[in-house]
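The chain is shown first.

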Amino acid sequence: MNKQCEIIRDLLPLYMDGACSESSAQIIEEHLSECEVCKAFLQSMKSNPYEESLRRETEGVLAHHAKRQRRHTLAVGMGIAGVLCVPVLVCLIVNLAVGHGLDWFFIVLTALMVVASLLVVPLVAEKQRILCTMFSFTGTLLLLLLTCAIYTHGSWFPVAASSVLFGLSVLFMPYLAHALPLPAFWKRNRGLLVLGTDTILFALMMLCIGFYAGSASYWRIMPPIALFNGGFLWLLFLVCRYLRVNRFFRAGLASVMTGVYTFSVDHVIGLILGEGELHPWPRWNPWVWNFHTSDGNIKWMFLTGSIGIALVCLAIGIYRRGK
């Protein structure tokens, strides 16, 4: 029996109990598919009546504890829901008593629904509590915004809704990409899915803002500014994720790209706005530091530092590749 078999046999009890990580389970299964001796050893462990009895007893205890804990959390969740119903009923009675109909009652109702999505849903959801909480919070928050827009007779709901969706996507989409069951292609390209979703929601937000503002100058300056900044993010992502070179080479390219972008972004946006003379190229004047020179000096230092980091990464990449 070699050393690898000894390690695998040490891990088999955890594997049988489902207590090892996915990567460890994958290594064990690959080894068992090639090693008949360890495979027979696993079968002998499974056929052991004492092991099987202990496993059934353990599973029974855990199931009983989980059921008891489930009843407790469900009772707490229902209690919180009941408490939240009290102000809803009070608001309904007062709203009808003063003769206003059901106007601001719906605002109070949807606001308490947002609270319930954060307090009640995590307690009553049986599976994927975080996902259920995220989706319920997003839905109730959009419903609250829609109710406020209808009550105030405003046309700002598309702007607010698209902004909320974009902000929540930036925060939660990385988690959703790992938690949701995805096809094999998207499992291998979760970063592409996250950035693509954020880009679509960002474009939707900018379109809603443009239609709400109704300004002709907005449509002239928004697309090039969005394309310049978004294009940099996409180029940086594609280089870091898909460029088939040494990872130190990718780090060096990313460092140079970040330095060049930071160095030039103000001037490029100034040109798009037609204010290029107000945002000239940064100037290097290290002997004078004041309001007019500090911005240029800092940008030149950042660009020089990023190039230096890139050269170090390039040297390390060449050394590692040759070694």
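The sections below take up the model basis, the charged pairs, a helix and a surface patch.

## Basis of the model

The model is predicted, with local features requiring pLDDT of at least 70 and side-chain atom pairs counting only at pLDDT 80 or more, while totals for chains, interfaces and linings use all residues. Residues are numbered from 1 along each chain as its sequence is written, and side-chain values use heavy atoms, with hydrogens and water left out.

## Salt bridges

Side chains of opposite charge can pair when their charged atoms come close. The criterion for a salt bridge is a side-chain nitrogen of Lys or Arg within 4 Å of a carboxyl oxygen of Asp or Glu. Two salt bridges are counted by this rule.

In one of them, K299 pairs with D266, and the closest N and O atoms are 2.4 Å apart. K299 belongs to helix 13 (residues 294–322) and D266 to helix 12 (residues 247–272), so this pair ties together parts that are 33 residues apart in sequence. Helices here are DSSP runs of H or I with at least four residues, numbered from the N terminus. Relative accessible area, computed with a 1.4 Å probe and protein chains only, sorts residues into buried (under 20%), exposed (over 50%) and partly exposed (in between). K299 is buried at 9%, whereas D266 is partly exposed at 37%.

D295 also forms a salt bridge with K299, with 3.4 Å between the closest N and O atoms. D295 and K299 are four residues apart in helix 13, or about one helical turn. D295 has a relative accessible area of 41% and is partly exposed. Through shared partners, the salt bridges join D266, D295 and K299 into one network.

## Helix 13

The expected span of a helix is 1.5 Å times one less than its number of residues. For the 29 residues of helix 13 this gives 42 Å, which agrees with the 42 Å between its end C-alpha atoms.

Buried residues in helix 13 include G296, N297, K299, L303 and S306. The buried residues of this helix pack against helix 12, where contact means heavy atoms within 4.5 Å.

## Nonpolar patch

M113, L143, L146 and I150 make a nonpolar surface patch of about 310 Å². Patches consist of residues with over 30% relative accessible area and no salt bridge; like charges are joined within 9 Å, and nonpolar side chains (Val, Leu, Ile, Met, Phe, Trp, Tyr) within 5 Å. Accessible areas come from the Shrake-Rupley method with a 1.4 Å probe, and for residues only the protein chains shown count as cover.

Helix 7 (residues 129–152) gives the most to the patch, with three residues. L146 lies in helix 7 and is partly exposed, at 33% relative accessible area.

Terms used:
Helix = DSSP H or I, 4+ residues; strand = E, 2+ residues; numbered from the N terminus.
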